[in-house]
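I opened my notebook for a friendly walk through one model. These are my entries, in the order I looked things up.

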Amino acid sequence: MALTESFEYKLEIIPPYSVIQCRRADIVSKDGVEIARSYHRTVYSPGSDVSEAPQEVQDVAGVLWTQEVIDAYLASIAAQQPDV
């Protein structure tokens, strides 16, 4: 009657700047049968530090987040800031 917990990841890529959403499912099993599941979502924007993220997120960010994409994303954020 041991309880075990495992994780399952689902990645979603949001255009146009390749924002990465990572949904983690925390699954609790008892004797090999799932008895509970909960979800947690983390969002990673281009240029974010993903060093602590799951390896899948790091791999996708390394491919999609070119310097051009990061610069375009940062410019879009700056354009949304009110003038001071």
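**Entry: V19.** I began with V19, which is in contact with E12, I13, I14, V43, Y44, P46 and Y73, leaving aside its neighbours within four places in sequence; contact here means heavy atoms within 4.5 Å. V19 lies in strand β2, where strands (E, at least two residues) and helices (H or I, at least four) are DSSP runs numbered from the N terminus. With a relative accessible area of 15%, V19 is buried. My cut-offs: buried is under 20% relative accessible area, exposed is over 50%, and partly exposed lies in between (1.4 Å probe, protein chains only). I also noted that V19 and A61 are 8.8 Å apart in space, C-alpha to C-alpha, and 42 residues apart in sequence.

**Entry: ground rules.** This is a predicted model, in which local features need pLDDT of at least 70 and side-chain atom pairs count only at pLDDT 80 or more, while totals for chains, interfaces and linings use all residues. Residues are numbered from 1 along each chain as its sequence is written, and side-chain values use heavy atoms, with hydrogens and water left out.

Entry: I moved on to S18, which is found in the loop between β1 and β2. Is S18 buried or exposed? S18 is buried, at a relative accessible area of 14%. Leaving aside neighbours within four places in sequence, S18 is in contact with I13, P46, L64 and W65. Another positive phi in a residue other than glycine belongs to D31, near 55 degrees, and D31 lies in the loop between β2 and β3.

**Entry: aromatic rings.** How many aromatic pairs does a search of the whole structure find? I got one. The rule is that rings of Phe, Tyr and Trp (its six-membered ring) pair if their centres lie within 6.5 Å; planes under 30 degrees apart are stacked, over 60 edge-to-face, and the rest tilted. The pair is Y17 with Y73: their ring centres are 5.9 Å apart and their planes stand at 70 degrees, so the pair is edge-to-face. Y17 lies in the loop between β1 (3-14) and β2, and Y73 in helix α2 (residues 67-80), so the pair ties together parts that are 56 residues apart in sequence. Y17 is partly exposed at 26% relative accessible area, whereas Y73 is buried at 15%.

**Entry: the core.** Next I asked which residues make the largest nonpolar core. A core is a set of buried Ala, Val, Leu, Ile, Met, Phe, Trp, Tyr and Cys residues joined through side-chain atoms within 4.5 Å. The largest has nine residues: I20, C22, Y44, V50, A53, V57, A61, W65 and I70. The elements giving two or more residues to this core are β2 (19-30) and α1 (55-64). I looked up I20 separately: not counting residues up to four places away in sequence, I20 touches L11, E12, I13, T42, V43, Y44, V57, V60, A61 and W65.

**Entry: salt bridges.** With a side-chain nitrogen of Lys or Arg within 4 Å of a carboxyl oxygen of Asp or Glu as the rule, my count comes to five salt bridges. One of them joins R37 and E8 (3.3 Å, N to O). R37 lies in strand β3 and E8 in strand β1, so the pair ties together parts 29 residues apart in sequence. Both ends are partly exposed: R37 at 32% relative accessibility and E8 at 37%. R41 and E12 also meet in a salt bridge (2.8 Å, N to O). That pair links distant parts of the chain, with R41 in strand β3 and E12 in strand β1, 29 residues apart. R41 counts as partly exposed at 40%, as does E12 at 25%. E34 and R37 meet at 2.8 Å, N to O, in a salt bridge. Salt bridges that share partners join E8, E34 and R37 into one network.
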